[in-house]
Amino acid sequence: LWGIAYNFCVPFFGAYQVGALGLSLVEVSVISMVTAVVRTAASPLLGRWGDRHSFSGLFAFCFAAEAAALLCIVFTVPANGRVMFLVYSVLTAVPQAGVGNAQLNLVYSEVSPSLRVGALAVQNAFTGALSFLSTLAAGLLVDRIREAGNTFFGHPVYAQQVLAMIGVLLSLLSLLYYLTVGRKVFGHAQADPTADHP
């Protein structure tokens, strides 16, 4: 769900910055640098928090943070584009740093040692395939909205705003899944019968 939510929206935001929002390449570069600094600073902090508390709980925080970040794009238009896109970029840098950290550490805590390499391979392949398909689906939606004169169900809107709203819903769905199912499963890893024991 996270991969779908992220890749449904983010690949189309670059064109939104320099197209509809009218940001210059210098402004886009500055926003990218700010995002990189925030992500770099957030990564060790979130890693330490996950070590002390739980990496599954880190998922919940990141899903909520990404929903808040994407909500900024829902309300981003040319009149406020510079400020709102910067706010989005700062907010989204945090879950970007946390989700990768949590995913890797949960595989190490929940999957028996002999199966970890395979689990990571399956996870990455599955997420990559779904992410690719979600980007293709989003591209079709973008084309339809543009062909309709930047309207969606008769309302004037940019395609990226619609994508962001769908991303918000998918991020909240990820959070709901974690709260209702995921956290009941985490922490119940089975012992590995094939592992070497002293």
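User: How many residues of the lining of the second largest pocket are nonpolar, how many polar and how many charged?

Analyst: Ala, Val, Leu, Ile, Met, Phe, Trp, Tyr, Cys and Pro count as nonpolar, Asp, Glu, Lys and Arg as charged, and the others, Gly among them, as polar. Here the lining divides into seven nonpolar, seven polar and no charged residues. The model is predicted: local features need pLDDT of at least 70, side-chain atom pairs count only at pLDDT 80 or more, and totals for chains, interfaces and linings use all residues. Residues are numbered from 1 along each chain as its sequence is written, and side-chain values use heavy atoms, without hydrogens and water.

User: Which helix gives the most to the lining of the second largest pocket?

Analyst: Helices are DSSP runs (H or I, at least four residues), numbered from the N terminus. H5 gives the most, with five residues. Helices H2 (13-18), H3 (25-52) and H5 (81-110) each supply at least two residues of this lining.

User: At what angle do the axes of helix H4 and H5 cross?

Analyst: Axes are lines fitted to C-alpha atoms, for helices over the stretch in contact, and angles run from 0 to 180 degrees between N-to-C directions. The axes of H4 (residues 55-74) and H5 come within 8 Å and cross at roughly 155°. H4 is therefore roughly antiparallel to H5 (angles over 145 degrees). The residues of their contact divide into 21 nonpolar, six polar and one charged.

User: Does Ser56 count as buried or exposed?

Analyst: Buried means under 20% relative accessible area, and exposed over 50% (1.4 Å probe, protein chains only). Ser56, which lies in helix H4, counts as buried because its relative accessibility is 10%.

Methods:
Angles under 35 degrees count as roughly parallel, over 145 as roughly antiparallel, 65 to 115 as roughly perpendicular and the rest as oblique.
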